[in-house]
Amino acid sequence: DLAVDSLFLPATIAGATSTVANASSSLDSRGFAKFVSASIGGFDIDANEIKSGTTLVLDSDSNSGEIRLGAASDIDTGDGIYMNGTGNAFRVGNPAGNEFKFDGTNGVTIFDSNTNKATITSDGLKVFGGHASNPAAVFAATTFIGLQATEHIKITATSMELKDGSSVLASFGATTTIGPTGADHVSIDADSIDIKDGSTAENKN
């Protein structure tokens, strides 16, 4: 039997008796155990990391702390889960497709492919379906539904417009117009309904 109030390994370091501050491992009378490194149930532990192989890593030394699961090694590499303590890096999934990511620069991204994704930034929510740079819908202070280069709807705080590219086909607001305002169209406001050719009223009620 062995009964001691404290235990330090190794017993001496550089010719001097080891202490809790420099011992590789120690155990004191309170039951406090300290190990500079260890391997427990398949988990390796050292001063900076707790890990099991390469698929589960808790790293206190890199990027203000990292958690890496699966094949993920950073915000843009490897299928899995990655996050760090900078507050600007979190990803779940495969960077080549089907991922959810926040990188502190490009907002939040839900990604299937470069042409099928959704992004949330200070500019609003953009949904891409089939095109890498032209969103199929934008939800913000000014909302667009449909590709802005072709037929789409534009909604602001004061009006809703039906558009074909930059051409306004109809506008619904305090003054409503149906038809391109540079040609034959109907103009409706609180006082009248006008049939107009450009700015010229052809019939007024």
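Two strands pair if DSSP finds at least two bridges between them. By that rule, E12 and E13 pair and form a hairpin with 2 residues between them. The model is predicted.

- Strand E12 covers residues 90–94 and strand E13 covers residues 97–102; the two run antiparallel and are joined by 5 bridges.
- E13 also pairs with strand E14 (residues 108–113), again in the antiparallel sense, over 4 bridges.
- The hairpin of E13 and E14 has 5 residues between the strands. Glycine 104 sits in that turn, with a positive phi of about 80°.
- E14 in turn runs antiparallel to strand E15 (residues 116–121), with 5 bridges joining them.
- The hairpin from E14 to E15 passes through 2 residues.

**Bridge partners across these strands**

- Glycine 93 has glutamate 99 of E13 as its bridge partner.
- Glutamate 99 also stands opposite phenylalanine 111 in E14.
- Lysine 101 is partnered by threonine 109 in E14.
- Threonine 109 stands opposite threonine 119 in E15.
- In a regular strand, side chains alternate between the two faces of the sheet.

**Glutamate 99**

- Glutamate 99 belongs to strand E13.
- Its relative accessibility is 6%, so glutamate 99 counts as buried. The cut-off for buried is under 20%.
- Beyond its neighbours within four places in sequence, glutamate 99 contacts Arg91, Val92, Gly93 and Asn94, along with Thr109, Ile110 and Phe111.
- Two of these contacts are bridge partners described above: glycine 93 and phenylalanine 111.

**Aspartate 79**

- Aspartate 79 lies in the loop between strand E10 (66–70) and strand E11 (80–84).
- Aspartate 79 has a relative accessible area of 44%, so it is partly exposed.
- Not counting residues up to four places away in sequence, aspartate 79 touches Leu69, Gly70, Ala71, Ala72, Gly93, Asn94 and Pro95.
- Gly93 and Asn94 are among the contacts of aspartate 79, and they are also among those of glutamate 99.
- Aspartate 79 and glycine 53 are 26 residues apart in sequence; their C-alpha atoms are 16 Å apart in space.

**Glutamate 161**

- Glutamate 161 lies in strand E20, which spans residues 160–164.
- Glutamate 161 is buried, yet has no salt bridge.
- The nearest side chain of opposite charge belongs to lysine 163, 4.1 Å away.

- E20 and strand E21 (167–172) are the elements that give two or more residues to the patch.
- E20 is also the strand that holds glutamate 161.
- Isoleucine 145 counts as partly exposed because its relative accessibility is 40%.

Technical notes:
Residues are numbered from 1 along each chain as its sequence is written. This is a predicted model: local features need pLDDT of at least 70, side-chain atom pairs count only at pLDDT 80 or more; totals for chains, interfaces and linings use all residues. Side-chain values use heavy atoms; hydrogens and water are left out. Buried means under 20% relative accessible area, exposed over 50%, partly exposed in between (1.4 Å probe, protein chains only). Lys and Arg count as positive and Asp and Glu as negative; His and the chain ends are not counted. A salt bridge is a side-chain nitrogen of Lys or Arg within 4 Å of a carboxyl oxygen of Asp or Glu. Contact means heavy atoms within 4.5 Å.
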